[in-house]
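Please look over the sequence and the fold below before reading on.

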Amino acid sequence: MSELSLFQDAFSAALAGDDAALAPWGAEPTGVSVYRNTVAKGCADALVANFPAVAKVTGEAWLSAAAVRHAAERPPAKASLLDHGGDFADWLEGFAPAAAMPFLANLARLDRAWVEAHLAEDAAPLEAAAFEALGAEDFAVTAPTLHPSARLFTFDDGLAELWLALRAEPASEALELDDAPSAVLVLRPRLTVETLSLSPGGAAFLAACRAGQSLAQAAEAALTTEPGLDLAGLFSTLIAAGAFAGLTDIPA
């Protein structure tokens, strides 16, 4: 390993808290602390920006303090902080100060889904004409492919609706977590990230599609979960939202 590589690794270790790492190069811990504090501040600012719903629940001061602790334990793997916080939701589950808010980790997962959708691969959403070209017999042997940015979440309580209210601009004044099941689709079919609140049947339909099941199987799953569901209306809504990117033939 070259001297430059050794120094870069030692500098990274020093930023993570190892004061002795740069001793062979004569660096003083007090000098390194300036860089360490700058990195910590940058990580905290990036994480607060990437988790706005969490910030509205905890307050920015609480989240900033948690972000500094998170960065110290799990330093960023990339120079760019645009994608920072990929493991933050999992980390929150073991963060003692968050224990009084057991829903917080899932709220963070939804915020993270927005970031992932924003950074996801571009793909043209499938238009209605592609489905209109299918014959009745094709529905049993054709599986729709979800858009690469699509992220589907279902909850036994109203967390998805709470998240949508927190992300709204301006945020809703009636912010509470109820007991009704909720589901949401987060995706970026075009230029901006969009969200779609789903009924239980709609969530079951998309979950079946995500699992590679046929259109007929997805429809059956939706109607089993929610008898009386307006399947045609759901399908029209999903196509208009850009939820699909392709169609795949299922081998007989």
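Predicted model: local features only at pLDDT ≥ 70, side-chain atom pairs only at ≥ 80, totals over all residues.

Residues are numbered from 1 along each chain as its sequence is written, and side-chain values use heavy atoms, with hydrogens and water left out.

The chain holds 11 helices and 5 strands, these being DSSP runs numbered from the N terminus (H or I of at least four residues for helices, E of at least two for strands). Of its 252 residues, 39% are buried, a term that stands for under 20% relative accessible area, with exposed meaning over 50% and partly exposed in between (1.4 Å probe, protein chains only). Among contacts between residues at least 6 apart in sequence, 68% join residues at least 24 apart, where contact means heavy atoms within 4.5 Å.

The aromatic side chains form 9 pairs, counted when the ring centres of Phe, Tyr or Trp (its six-membered ring) lie within 6.5 Å, with planes under 30 degrees apart called stacked, over 60 edge-to-face and the rest tilted. The rings of Phe153 and Phe155 are stacked, because their centres are 6.4 Å apart and their planes lie at 5°; both Phe153 and Phe155 are buried. Elsewhere in the description of rings, a cluster linked by ring pairs takes in Phe51, Trp62, Phe88, Trp91 and Phe95.

Turning to helix packing, helix H6 (residues 104–119) and helix H8 (residues 159–167) pack with their axes 10 Å apart and at an angle of about 55°, the axes being lines fitted to C-alpha atoms over the stretch in contact and the angles running from 0 to 180 degrees between N-to-C directions. H6 is therefore oblique to H8, since angles under 35 degrees count as roughly parallel, over 145 as roughly antiparallel, 65 to 115 as roughly perpendicular and the rest as oblique. On the H6 side the contact is made by Asn106, Leu107, Leu110, Asp111 and Trp114, and on the H8 side by Leu159, Ala160, Trp163, Leu166 and Arg167.

Asp111, which lies in helix H6, counts as buried because its relative accessibility is 0%. Leaving aside residues up to four places away in sequence, Asp111 touches Asn50, Phe51, Pro52, Ala53, Val54, Trp163 and Arg167. Gly86, found in the loop between helix H4 (60–73) and helix H5 (88–92), counts as partly exposed at 49% relative accessibility.
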